[in-house]
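Good morning. Please have a look at the screen first.

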Amino acid sequence: MKFKNPMLVVTDMNKSVEFYKKVFGLHVIMDFGANKTLTGGLALQTVETWKEFISTNEIAFGGNNSEIYFEEDDFDEFSKRLEKCNVEYVHPVKEHSWGQRVVRIYDPDRHIIEIGENIKVVCRRFLNTGMTAEQVAERMDVPVKFVNACMR
């Protein structure tokens, strides 16, 4: 068994494709009409066909019970670009206790998307302030071995 990719049900395929292109730079790599696969493996399925597939008319959006996750190496630049995209925020940029900066937004169908600073970049950011590997490991609650691997 092999996990292939996540799939999101969307109410407007064109609007969703444009959103993922504008905000994340994703492009359609497989187009089956009612189903499109984007770079990175994200698949989009039209709500009409999804209702047929699972034999229901009951589809709920915006449940706040799951998310898809992206990581960004240049988080500051992405945050600036995101401000220009007219997106709806779940919450603004915040920093978790381990030092990783994240932001969560909604896509057009209110699926939650988290964009986190690449954890190796977080590690390097702390090291660049003069912290030792041991201090970074304690601050981030990760093994020193992980911190040392980030220094390579």
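**The sheet, a surface patch and the cysteines**

Let us start with the sheet: four strands form an open sheet with mixed pairing, in the order β1-β4-β3-β2. Its edge strands are β1, residues 7–10, and β2, and each of these pairs on one side only. From one strand to the next, the twist averages 25°. Please keep in mind that this is a predicted model.

For those new to sheets, strands pair through backbone hydrogen bonds, either parallel or antiparallel. Here, β3 (residues 35–38) and β4 (residues 43–46) pair in the antiparallel sense, over three bridges. As one example of who faces whom, N35 stands opposite Q45 in β4.

Is M30 buried or exposed, or something in between? M30 counts as partly exposed, because its relative accessibility is 41%. Together with I29 and F32, M30 makes a nonpolar surface patch of about 330 Å².

Last, the cysteines. A disulfide is a covalent bond between the sulfur atoms of two cysteines. How many disulfides does the structure hold? The number is zero. C150 is buried, with a relative accessible area of 1%. C85 also counts as buried, because its relative accessibility is 9%, and the limit for buried is under 20%.

That is the end of my part.

Key. Residues numbered from 1 in each chain as written. Predicted model: local features only at pLDDT ≥ 70, side-chain atom pairs only at ≥ 80, totals over all residues. Heavy atoms only, no water. Patch = residues over 30% accessible without salt bridge, like charges linked within 9 Å, V, L, I, M, F, W, Y side chains within 5 Å. Areas by Shrake-Rupley, 256 points an atom, 1.4 Å probe, with all protein chains shown as cover. Salt bridge = Lys/Arg side-chain N within 4 Å of Asp/Glu carboxyl O. Buried < 20%, exposed > 50% of the residue type's maximum accessible area, 1.4 Å probe, protein only. Disulfide = S-S within 2.5 Å. Pairing = 2+ DSSP bridges. Helix = DSSP H or I, 4+ residues; strand = E, 2+ residues; numbered from the N terminus. Axes fitted to C-alpha atoms, helices over the stretch in contact; angles between N-to-C directions.
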